[in-house]
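Here is a short tour of one protein chain, written for someone who is new to reading structures. Keep the picture open while you read, and find each residue as it comes up.

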Amino acid sequence: QVQLVESGGGLVQAGGSLRLSCAASGSIDSIEAMGWYRQAPGKQRELVATFTSLGSINYADSVKGRFAISRDPAKDTVYLKMNNLKPDDTAVYYCRATVVNGGGYIYWGQGTQVSVSS
């Protein structure tokens, strides 16, 4: 089994910053892709930023220039630095990883709440 453990969510005023962390553990040979999604109440879950299986980075248009994804492969950890936060960024943020452990399997973290006040 694989677990994704997230941290760093919280409440911040508009214009503030937060840094999210997600550490993968368990039966892992390698991680093909790892990144962040978010879901606001009543809305679809959407991509925020991810490292793809080819090693490139994809950002949602709404966060380009404000958010930065980074990783520490030695720790199977991915980070999301969020700057200039807006009320529209308010959502539950979920870590997602495609893990190689015999095959390729998708795992999700438990989610961490990010709330941005105006």
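## Two loop residues with positive phi

Asp76 sits in the loop between β7 (67-72) and β8 (77-82). Strands here are DSSP runs of E with at least two residues, helices are runs of H or I with at least four residues, and both are numbered from the N terminus. Asp76 is not a glycine, yet its phi is positive, at about 50 degrees. With a relative accessible area of 25%, Asp76 is partly exposed. On this scale, buried means under 20% relative accessible area, exposed means over 50%, and partly exposed is in between (1.4 Å probe, protein chains only).

Now look at the loop between β8 and β9, where you will find Asn84. Asn84 is a residue other than glycine with a positive phi, near 50 degrees. Its relative accessibility is 41%, so Asn84 counts as partly exposed.

## How the model is read

This is a predicted model, in which local features need pLDDT of at least 70 and side-chain atom pairs count only at pLDDT 80 or more, while totals for chains, interfaces and linings use all residues. Residues are numbered from 1 along each chain as its sequence is written, and side-chain values use heavy atoms, with hydrogens and water left out.

## The overall build

What is the secondary structure of the protein chain? It has zero helices and 11 strands. The radius of gyration (taken over C-alpha atoms) is 14 Å, close to the 13 Å that the globule rule gives for 118 residues, so the chain is as compact as a globular protein of that length. That rule is 2.2 Å times the number of residues to the power 0.38. Along its principal axes, the C-alpha trace spans about 45 × 25 × 25 Å.

Of the 118 residues, 42% count as buried. Contact means heavy atoms within 4.5 Å. Among contacts between residues at least 6 apart in sequence, 54% join residues at least 24 apart.

## The disulfide

How many disulfides does the count come to? The count is one, where a disulfide is a pair of cysteine sulfur atoms within 2.5 Å. This disulfide joins Cys22 to Cys95, with 2.1 Å from S to S. Cys22 lies in strand β3 (residues 18-26) and Cys95 in strand β9 (residues 91-100), so the pair ties together parts that are 73 residues apart in sequence. In general, a disulfide is a covalent bond between the sulfur atoms of two cysteines.

The link of Cys22 and Cys95 is left-handed, with -85 degrees about the S-S bond. Are these two cysteines buried or exposed? Both Cys22 and Cys95 are buried.

Thr98 is buried, with a relative accessible area of 13%. Not counting residues up to four places away in sequence, Thr98 touches Ser30, Ile31, Glu32, Ala33, Tyr105 and Ile106.

Gln3 belongs to strand β1 (residues 2-7) and is partly exposed, with a relative accessible area of 37%. Leaving aside neighbours within four places in sequence, Gln3 is in contact with Ala23, Ala24, Ser25 and Gly26. Gln3 and Gln110 are 107 residues apart along the chain, and their C-alpha atoms are separated by 9.2 Å.
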